[in-house]
Amino acid sequence: MDKVIITVAPVGAEATRDDNPNLPLTPTQIIEAVYESWQAGAAIAHLHVRDPQGNPTQDPDIFRQVIEGIKQKCDIIIQVSTGGSTDMTPQQRAAPLTLKPEMATLTTGTVNFGSEIFSNPFPLITDFANRMRENNVVPEIEIFDTGMLDTALVLIKKNIISLPLHFDFVLGVPGGMSASARNLAYLADRIPENCTWSVAGIGRHELPLGTMALAMGGHVRVGFEDNVYYEKGVPAASNAQLVARITRLAQELGRTPATPNQARKILGLPL
Ligand code: KMH
Ligand code: ZN
């Protein structure tokens, strides 16, 4: 496994300009951030969008604008968030699936999320999975804690989602599974055969967990959604700066960043 799929998560729903003045907020800024990240080695863009006030929104019109802008510039795989933010209704969160993006996230359980709750009861998960099937959207299974992996296995058994699958382990959210090497190894060890995985380490954990994933044969997600710093106390200049660092580390470790089409092959997406 020499190719590594690098995902960029350029904005998320939680970070603000107070956290990092370089956070992309407008469609133009998000498009540019994704394009620069693609140039730096990213193959997947995990997308959230913001409204004109800079607040998180799942408005399909804004998603459409961002997706069309990205597609005019590069062939990066588009993955929309169905997580949205913790205060959104399921209906709001699922709205961008009607745009039929190549991929979307599917979180398979509920987790404390700082002082809030990221709510994903079983009926919501199955509803989102069904909508993805109807719209030919390939899910990426988001795992914030161990029980979510067990639920994903149940969903596979019930044929609500189908193999092969790509899992993203989001480690280090306050309230979720902690960002340790042992936890990463445990999760990576438990996914079904022929499946792939990436890690999204939150905050200061982004770099060490990403590096571990490179050494383990996994894939990596970086970006301002998960981490706004380049190093302790130093805000990153851009998402592309974080992608470029993972690309450099990958090359040192004998892993080549996959192009989007190479990533599509690895993930079983149509070319
Ligand atoms: N913003 C978090 C509450 C996803 O994109 O699928 C959820 C999230 C997960 O970001
Ligand atoms: Zn997200």
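What spacing do the donors of the zinc ion (ligand 2) follow along the chain? In this predicted model, local features need pLDDT of at least 70 and side-chain atom pairs count only at pLDDT 80 or more, while totals for chains, interfaces and linings use all residues. Residues are numbered from 1 along each chain as its sequence is written, and side-chain values use heavy atoms, without hydrogens and water.

The donors follow the spacing H-x1-H-x176-E. Donors are N, O and S atoms within 2.8 Å of the metal (3.2 Å for Na, K and Ca); water is not among the atoms, so sites may look incomplete. The protein donors are His 46 (NE2), His 48 (NE2) and Glu 225 (OE), lying 2.1 Å from the zinc ion. His 46 is in strand 3 (residues 44-47) and Glu 225 in the loop between strand 13 (219-222) and strand 14 (229-231), so the pair ties together parts 179 residues apart in sequence. Strands are DSSP runs (E, at least two residues), numbered from the N terminus. Both His 46 and Glu 225 are buried (under 20% relative accessible area, 1.4 Å probe, protein chains only).

Strand 3 runs parallel to strand 6, joined to it by 4 bridges; two strands pair if DSSP finds at least two bridges between them. His 46 stands opposite Gln 79 in strand 6. From strand 6 (residues 77-80), Ile 77 and Gln 79 point one way and Ile 78 and Val 80 the other, all of them buried. Strand 6 also pairs with strand 7 in the parallel sense, over 2 bridges, and Val 80 stands opposite Ala 104 in strand 7.

Key:
Chains are lettered from A and ligands numbered from 1 in the order in which they are written. Buried means under 20% relative accessible area, exposed over 50%, partly exposed in between (1.4 Å probe, protein chains only).
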